[in-house]
Amino acid sequence: MTLRLGDTAPDFEQDSTIGPIKFHEWAGDSWVVLFSHPADFTPVCTTELGLTAKLKPEFDKRNVKAIALSVDPADAHSEWIKDIEETQKTVVGFPIIADADRKVATLYDMIHPEQSATATVRSLFVIDPAKKIRLQLTYPMSTGRNFDEVLRVLDALQLTDKHTVATPGNWKDGDDVIIPLTVQDPETIKQKYPKGFTAPKPYLRLTPQPNK
């Protein structure tokens, strides 16, 4: 199944470390970071889940729930969590989906045969409260993900949803933002961007980030 930005994230019911999960019901009105990892008790995956656990306060501030997935069974996940918490010095406060039948992996195209015929690659989806897919990232099995980038994109998505702005390359929360080309009326610009803007070029108009 091919998923694209703006598609509705497929719903599913699957076992997990907290019992059976109905995905859309579990997500509720939160943003969701759904990410897969190749296998339990592997070193790169252990660091990634540790990082995600440590980011819980940041996710909470952004109304985000994290949920992981691999094709290992729930009892293996539960044993692995003990290892993660010991080696990464954290508490895993999010569920891990046990996708032994690869139902969810198939729905989200997480198995790439040129990487592995059975294990999931490092796929990551950001899903908004309307259950729409807003970001997709896919990393090879050998490369751990940059979770600072996940936070950065969440900040950008939530900001641009609230205000009529776009974010430039390497933008971080608090930096100037861009007035989209779709906004041209001078009176509208005065109303929406009361702090004014600079225009290095006619097509590039930078304005201070709203609420900063």
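This is a predicted model: local features need pLDDT of at least 70, side-chain atom pairs count only at pLDDT 80 or more; totals for chains, interfaces and linings use all residues.
View 1. Residues are numbered from 1 along each chain as its sequence is written, and side-chain values use heavy atoms, with hydrogens and water left out. Strands (DSSP runs of E, at least two residues) and helices (runs of H or I, at least four) are numbered from the N terminus. Strand β4 covers residues 64-70 and is joined to β5 by three bridges, the two strands running parallel. Ser70 also takes part, with Ala98 as its bridge partner in β5. On the β3 side, Phe35 stands opposite Ala68, and six bridges join β3 to β4, again in parallel. Six of the seven residues of β4 are buried, so this strand is largely enclosed by the rest of the structure. Here buried means under 20% relative accessible area, exposed means over 50%, and partly exposed lies in between (1.4 Å probe, protein chains only).

**View 2. Five strands form an open sheet in the order β5-β4-β3-β6-β7.** The pairing in this sheet is mixed; two strands pair if DSSP finds at least two bridges between them. Which strands stand at the edges? They are β5 (96-98) and β7 (133-139), each with a single partner strand, so one side of each is left without a neighbour in the sheet. Neighbouring strands are turned by 20 degrees against each other on average, direction ignored. For such angles, axes are lines fitted to C-alpha atoms, for helices over the stretch in contact, and values run from 0 to 180 degrees between N-to-C directions.

**View 3. Helix α2 packs on the sheet.** Helix α2 (residues 43-54) touches β3 (31-36), β4, β5 and β6 (122-127), where contact means heavy atoms within 4.5 Å. The direction of α2 makes about 20 degrees with that of β6. Look also for helix α4 (residues 74-88), which lies across β4 and β5 and runs at about 150 degrees to β5.

**View 4. Ile18 sits in the loop between β1 (13-14) and β2 (21-22).** Is Ile18 buried or exposed? With a relative accessible area of 55%, Ile18 is exposed. Leaving aside neighbours within four places in sequence, Ile18 is in contact with Trp26 and Pro95. The C-alpha atoms of Ile18 and Ile96 are separated by 7.9 Å, although these residues are 78 apart along the chain.

**View 5. Arg102 and Asp109 each have a positive phi: about 65 degrees for Arg102 and about 55 degrees for Asp109.** Most residues other than glycine have a negative phi. Arg102 lies in the loop between β5 and α5 (103-107), and Asp109 in the loop between α5 and β6. Arg102 counts as partly exposed at 29% relative accessibility; Asp109, at 39%, also counts as partly exposed.

**View 6. The chain has seven helices and ten strands.** To finish, step back from the close-ups. The C-alpha atoms fill a box of roughly 60 × 35 × 35 Å, taken along the principal axes. Of the 212 residues, 46% are buried. Among contacts between residues at least 6 apart in sequence, 65% join residues at least 24 apart.
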